[in-house]
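Look over the sequence and the model below.

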Amino acid sequence: MSELPLDAYYDLTQIGEVAVSPAGDRVAFTATEHDQAADEAVSSLFVAPTDGSREPHRLTSASGASAPTWGPDGDRLAFVAARERDAERRVGWRDRDEDEADGEETESEGDEGDDEAEAAEGEAADDEPLGSGDEEPKPQVWVFDLALGGDARQVTERDEGVAGFDWAPDGDRLVIESRDPTDEESEYLDQVREEGGPIETTRLQHKVNGAGWTDDVTRYLFVVDLDDPESDPRRLDDAYGGGAFEDLAGMDPAWGPDGRIAFTSCRLDRPDDTTVRDLYAVSPDGGDAERLTGGDLSHGAPAWRPDGDEIATVASDPDDPPAPAEVYLVSESGGEVASLTADLDRTVARGGEPMWVDGAIYVRIADESSTRLARVETDGTVERAFEAQGRDRAMAGFDVADGGSTAVTVLSEPEDGSDLYAVDVADLDATGEPESFRRLTRVNESLVDEFSMPTAERVSWESDGWTLDGVCYHDPEVDPADGDHPLVVAIHGGPMSYDEPVFSFGHAALTSRGYLVFRPNYRGGTSRGREFTAELTGKWGTAEVDDIAAGVESLADRGWVDPDRVFGHGFSYGGIAQGFLVTQEPDLFAAAAPEHGIYDLRSAFGTDDTHVWLEAEFGLPWENPEAYDASTAVLDAGNIETPLLVMAGGEDWRCPSSQSEQLYVAARKQGVDAELVVYPDEHHNIGDPDRAIHRLEKILDWYETHDPAVEAEADEE
């Protein structure tokens, strides 16, 4: 068994957004690669035929791309990019063999693994943080004409960039979302960004992780005339945004078939004190926007029914944190707002968007520790679809165009990578794997051919009357039943999330070094209904501690692991859970590596960006201090005996680095071996590839340093 070299991280590619053309004959997608020399991640844009007749064709590489969206004619492809040129190729998994054959050096590429992707979720790419002094180009909309060929044409020029857009049904116009500062606001922004002036704010939501310090600049929708590039975009004055997390959520502009434009906004009296987002509709000619929903739910991802009389959204209840996100049907006339999946008791999966096909809605749901496809009828009937996925791989993406013949999904397989697959729409409900199911990409082929990727097995155990499940990864050459293997307990974030078998560089780095990797689906996660999620709501440090400890014990009882060689791992809530485990179960881990976590809930309130969420779950700290203290690990820090590698991002405003400092100092005060690693410029994510590799190096070294078996061998020598 050979170890996966950590610098192979640069040789990974991760598929991101997927967009199927209106006819279903082509798919556009983004893929994240890494420029090793510049230590940058680059998201490139590709197009491939969905019949699998040829390899994907690269469209961009020099400066990133996002939000690929086909025009209604299927020949034009719009996307968002902050770029000045695209003349030089910097990275390229598709061109590696050709470049090497020509004798050219090719920089290797990279990808964020499972923990890294989860950590990066929620980052805002469209707003420049205040105080950054960044003079890089702003994100703008660009359009490729694939029928005529040539490079993309820039079709917007907004000083504050473009955050979102959609095509008009006629294909002659775009609706874009962009900040529009007044003269006074522009002066303030210039002072902060260029001169390092003071941050001044009166907003309750004064900062947002990844977006920076917030301000009072209003977002509006604008209509862009593609046939008259010299004309100024027309602002729709009553189509403006608002809300605590607008910097992350955006306004979701969606141009309907009847001509009106749907968007989301919060216009309540205290928009920064809620996560409510209402659905509005406005004419592209301007005038008043009509509110279509009731001011009580957080709506997003609007999708117009093809005949234009209804809009599907995904919505959740801000006042009921464990309640599933559901698919709603909203009348365009502002009438009934009805949940179509209320009886399902399953949440829409993270990133799941409703898509209309032949009068029904396809959407990804979280179901029994799997992300799978469901078909939702407008009468509320829900059926699981796409049986071909199976239970041994995860659906990381899905797209289909109404009226098109082909759907495309991104499937993540532990041993074989994450890639695009196509299937005929007519076969989405087929039993078993249909003949039309075909693979379109092999973006990590050289990596998985050269190095062994881990095998994944689903495991189950009992805890407090619940039958729980998780995923155990191991090297293909390792038989867990041989016994006494070291175990890494990798705890998912959220906590409202779940683990399923996925392709992950981090997993492979661990399993190729002899570790088993255990990812437990503890109570408080999603995919098993509201009751399961509610077990942890407002009671951190309770059910998950019991469930994770019971899962480790069950693997030890099977004879798979050495109970003295168990190590903690996890990011965000995975870090938070480790804080509780090392204070409540001090003998569980030989060493732990909590990353980007919260360990003192009271001091987190107001210093992070989640005061709305914390209030919904725990109340206010001055009104319910007992609840905050009960869910604070550092108050039990006197029990810590476990060596701790505590890691944080210096600009993490989801889980501020001061939280990690508290845990670190508490351990060191008692003479416990501990190390603090802070990445100064990082948010609630992993970030630059060199730092991502450094992170893995630190974790692996920490485990080896505190491995009782390694210490015993050293003593014998």
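What covers the buried residues of α9? The cover includes β33 (485-491), α8 (543-557), β35 (561-571), β36 (591-595) and β37 (644-649). This is a predicted model, where local features need pLDDT of at least 70, side-chain atom pairs count only at pLDDT 80 or more, and totals for chains, interfaces and linings use all residues. Residues are numbered from 1 along each chain as its sequence is written, and side-chain values use heavy atoms, with hydrogens and water left out.

**Helix α9**

Helices (H or I, at least four residues) and strands (E, at least two) are DSSP runs, numbered from the N terminus. Helix α9 covers residues 573-584. Eleven of its twelve residues are buried, where buried means under 20% relative accessible area with a 1.4 Å probe, protein chains only. Among them are Y573, I576, F580 and L581. The expected span of a helix is 1.5 Å times one less than its number of residues. For α9 that gives 16 Å, and its end C-alpha atoms are 16 Å apart, which agrees.

Strand β24 (residues 360-366) has seven of seven residues buried, so the rest of the structure largely encloses it. A360, Y362, R364 and A366 point one way, while I361, V363 and I365 point the other way. In a regular strand the side chains alternate between the two faces of the sheet.

Two strands pair if DSSP finds at least two bridges between them.

| Strand pair | Bridges | Bridge partners |
|---|---|---|
| β23 (residues 355-357) and β24 | three | W356 and I361 |
| β24 and β25 (residues 371-376) | six | A366 and T371 |

β24 takes part in two hairpins. The hairpin of β23 and β24 has two residues between the strands, and D358 takes a positive phi near 55° there. The hairpin of β24 and β25 has four residues between the strands, and E368 in the turn has a positive phi of about 55°.

**An open sheet**

What is the order of the strands in the open sheet of four? The order is β27-β28-β29-β30, with antiparallel pairing. β27 (394-400) and β30 (438-439) stand at the edges, each with a single partner strand, so one side of each is left without a neighbour in the sheet.

**Residue T264**

T264 lies in strand β16 (residues 261-265). T264 is buried, with a relative accessible area of 0%. Leaving out residues up to four places away in sequence, T264 touches G250, M251, D252, R277, D278, L279, H299 and G300. Contact means heavy atoms within 4.5 Å.

**Cavities**

How many cavities of 30 Å³ or more does a search of the whole structure find? The search finds two. A cavity is a set of points, on a 1 Å grid over the protein atoms alone, where a 1.4 Å probe fits but cannot get out. Grid points are joined across faces, edges and corners, and a volume is the space filled by probe spheres set on the points.

The largest cavity has a volume of about 50 Å³. Its lining residues, which have an atom within 4 Å of a point, include E595, H596, M647 and Y679. Helix α14 (residues 689-705) gives the most to this lining, with three residues. The lining divides into four nonpolar, two polar and four charged residues. Here Ala, Val, Leu, Ile, Met, Phe, Trp, Tyr, Cys and Pro count as nonpolar, Asp, Glu, Lys and Arg as charged, and the others, Gly among them, as polar.

Key
1 Å grid on protein atoms, 1.4 Å probe; cavity = no way out; pocket = protein on both sides within 12 Å on 5 of 7 lines; lining within 4 Å. Buried < 20%, exposed > 50% of the residue type's maximum accessible area, 1.4 Å probe, protein only.
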